[in-house]
Amino acid sequence: MTRVVVASDLHLGITRRETLENLATAIAAERPDLTVLAGDIGEGHSRFRSCLEIFLGLPGDTAVLAGNHDVWACEGLSSVELWERALAAAARAAGMLWLEDEVWVKEGLGVAGSIAWYDYSAAAPGLNRSAAFWAANKGRYNLDARLVNWPWPDQEFAARVGDGLVERVMRLEEDASVQAILVVTHVPLYEEQMERRPHDLNWTIGNAYFGNLTLGARLEAARKLHGVISGHTHVSRQGWHPRPDGESPQVWVIDSDYGKPRSVTFDYPEPGEAGDANPMG
């Protein structure tokens, strides 16, 4: 078996260090081949680096993705500097993979990932609003409008990182040694990952900033795609996303929350072994 552990929304600075140390100890006890820290790692860049230090020394490899909190301008660093240099440098200085431009392969399993970003495609069904509306009203519902100071509109940045993820996934798709692909993102990609609360207006409008269904549709071309696991919303979701070819990759959202970090463990059978991936929670 190949074991992958995914943790998201650790939020060091809101979540206590001791709590995250306990999570790291629990992950180490799982003896993973790969651990993915899937974004919103620390509140501020110094805490981002400090949080990575907590997870040093885990068995196997450790990979890192950014979340939206991780690109909030802080400590003299702009969002552009964080995205284009500082976050990747911190991950690599810790001896970890920066999953935004690398893939991980072992025993027939390929893992790719991305921040994914939102492009308003996950807006609640029935809310017929333009992209201009979602951009103009973002500050009323999402702190990213005030704390992310890069020049790229959401849809442009979402397409940019989406292009990179699709390229990496299709590289794995074409790799004869890879039998199954697991995609890890910060922002969810499928309707089955979305939490709909029709009687909560703030949440209903906020859904525009909670997902990227456009990118999920682009990944349907990957026939080896076995599962997608995401964070960002802090709400547990689990299901299957039906594809036009009749296959249904399994999708999850980790219910990691402020002060209550969580991880999910997956066991993938090695080539020639019977069985399917087993999410252990």
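## T2 and its strand

T2 belongs to strand β1, which spans residues 2-8. The model is predicted: local features need pLDDT of at least 70, side-chain atom pairs count only at pLDDT 80 or more, and totals for chains, interfaces and linings use all residues. Residues are numbered from 1 along each chain as its sequence is written, and side-chain values use heavy atoms, with hydrogens and water left out.

How buried is T2? Its relative accessible area is 0%, so T2 counts as buried. Buried means under 20% relative accessible area, exposed means over 50%, and partly exposed is in between (1.4 Å probe, protein chains only).

Leaving aside residues up to four places away in sequence, T2 touches D33, W104, K106, E107, L109, F266, D267, Y268 and E270. A contact here means heavy atoms within 4.5 Å.

## Salt bridges overall

The whole structure holds 18 salt bridges. Each one needs a side-chain nitrogen of Lys or Arg within 4 Å of a carboxyl oxygen of Asp or Glu.

One network of salt bridges links R3, E30 and D267. D267 is also among the contacts of T2.

## K138 and D154

K138 and D154 form a salt bridge through their side chains, at 2.9 Å from N to O. The pair links distant parts of the chain, 16 residues apart. K138 sits in the loop between α4 (131-137) and α5 (144-147). D154 is in helix α6 (residues 154-173).

## E195 and its two arginines

E195 pairs with R197 in a salt bridge, with the closest N and O atoms 3.5 Å apart. E195 also forms a salt bridge with R237, where the closest N and O atoms are 3.6 Å apart. R237 lies in strand β9 (residues 237-240) and E195 in the loop between β7 (180-185) and α7 (201-206), so this pair ties together parts 42 residues apart in sequence.

E195 is buried, with a relative accessible area of 19%. R197 is partly exposed, at 30%. R237 is partly exposed, at 30% relative accessibility.

How values were computed
Helix = DSSP H or I, 4+ residues; strand = E, 2+ residues; numbered from the N terminus.
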